[in-house]
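Subject: A structure for you to look at

Hi,

Here is the structure I promised to pass on to you. Please open it next to this email and follow along as you read.

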Amino acid sequence: MAAIITRLRTTATFLRSNPLNRRLYGSAAQLQYEYDDSEYESSSEMEDSLGSVSGRGVQWVVMGDHRQVFAHKLSKLLNVPSISMGTLVRQELNPRSDIYKKIASAVNEGKLVPEEVIFGLLSKRLEEGFYRGETGFILSGIPRTPLQAEILDQVADIDLVLNFKCTEECLQKHHVARYQDILSVRNSMNKPLEDYYKKQKKLLNFSVAGAPGETWQGLLATLHLQHMNALSSSQKLSV
């Protein structure tokens with residue numbers, strides 16, 4: 001694990017010191033509020049935290065329900081790669097992979113893939129991205145535990161952790177059976193990680209309640225990114 005941490009720290013140094021003139025649409029550490037259908041609050045400090053800063057792209061973590069959908073959309077909007085830990089792991093699920101046995105053993109036993117494997121794969125992906133000119137990311141599927149969050153903190157400057165939560169009404173609408181049990185299990189599993197990032201004032205809970213388009217527009221409003229979405233749409237129309 002020590003070797004993996006050293007390698008990740010080297011990659012993190014690349015990401016932090018890259019002289020390329022990139023735009024940072026977020027160090028959003030000051031975002032400390034929740035968004036839902038009935039309540040919305042903002043402040044000048046929150047808007048400033050999402051301002052443009054020269055240096056690198058955003059380094060965000062997304063977790064919770066429907067995270068992959070929004071990770072993909074945000075990565076396109078913010079021009080940073082969407083890195084899915086699940087995808088990185090699945091790419092190694094073939095007998096020719098050097099770490100196949102470690103991953104397969106954990107999956108077959110219903111356990112989390114060992115940290116040294118997870119962070120080894122992440123290290124490799126970040127290094128490859130750096131040499132392609134990437135300076136940020138939208139990360140999903142990791143961290144899953146406070147321990148993984150602590151390791152990630154040693155090697156990356158996470159700006160914001162977006163926690164998507166499907167509401168009870170949303171689950172009912174999609175006819176999900178035993179939705180109350182699902183909510184209870186999810187909340188108990190996620191609470192330690194949520195508490196970890198809440199202490200750092202990096203956690204933003206976002207309620208997924210409406211249709212996908214409505215939810216996306218609400219997310220843009222929460223992050224003060226409507227102007228970027230409008231610009232992206234106009235560019236597509238002009239092509």
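Among contacts in the chain between residues at least 6 apart in sequence, what percentage join residues at least 24 apart? The answer is 78%. Please keep in mind that this is a predicted model.

Let me start with the overall make-up. The chain contains eleven helices and seven strands. Of its 239 residues, 46% are buried.

Five strands build an open sheet with parallel pairing, and their order is 4-5-3-6-7. At its edges you will find strand 4 (82-84) and strand 7 (203-208), each of which pairs on one side only. On average, neighbouring strands in this sheet are turned by 25° against each other, ignoring direction.

Look for V62, which stands opposite L162 of strand 6. Strand 6 also pairs with strand 7, again in the parallel sense, over six bridges. There, V161 has L203 of strand 7 as its bridge partner. Is strand 6 mostly buried or exposed? Six of its seven residues are buried, so strand 6 is largely enclosed by the rest of the structure. Helix 10 (residues 212-223) lies across strand 3, strand 6 and strand 7, and runs at about 155° to strand 7.

Now for the nonpolar cores. The largest one has 29 residues, and L139, L152 and Y197 are those with the most contacts inside it. Several elements supply at least two residues each, among them strand 3 (59-64), strand 5 (137-140), helix 7 (146-155) and helix 9 (179-199). Helix 6 gives the most, with six residues.

Helix 3 (residues 67-78) lets you check a length yourself. Which residues of helix 3 are buried? They are F70, A71, L74, S75, L77 and L78. These residues cover an arc of only 165° around the axis, so they sit on the same side of helix 3. Just after this helix, N79 takes a positive phi of about 60°.

Helix 5 can be read in a similar way. Its buried residues are I103, A104 and A106. Because they cover an arc of only 165° around the axis, they lie on the same side of helix 5. On the other side of helix 5, K101 and N108 are exposed. Helix 4 and helix 6 are included in what covers the buried residues of helix 5. After helix 5 comes G110, with a positive phi near 70°.

Best wishes

How values were computed. Residues are numbered from 1 along each chain as its sequence is written. This is a predicted model: local features need pLDDT of at least 70, side-chain atom pairs count only at pLDDT 80 or more; totals for chains, interfaces and linings use all residues. Side-chain values use heavy atoms; hydrogens and water are left out. A nonpolar core is a set of buried Ala, Val, Leu, Ile, Met, Phe, Trp, Tyr and Cys residues joined through side-chain atoms within 4.5 Å. Buried means under 20% relative accessible area, exposed over 50%, partly exposed in between (1.4 Å probe, protein chains only). Helices (H or I, at least four residues) and strands (E, at least two) are DSSP runs, numbered from the N terminus. Two strands pair if DSSP finds at least two bridges between them. Axes are lines fitted to C-alpha atoms, for helices over the stretch in contact, and angles run from 0 to 180 degrees between N-to-C directions. Contact means heavy atoms within 4.5 Å. The arc is that of the directions from the helix axis to the C-beta atoms.
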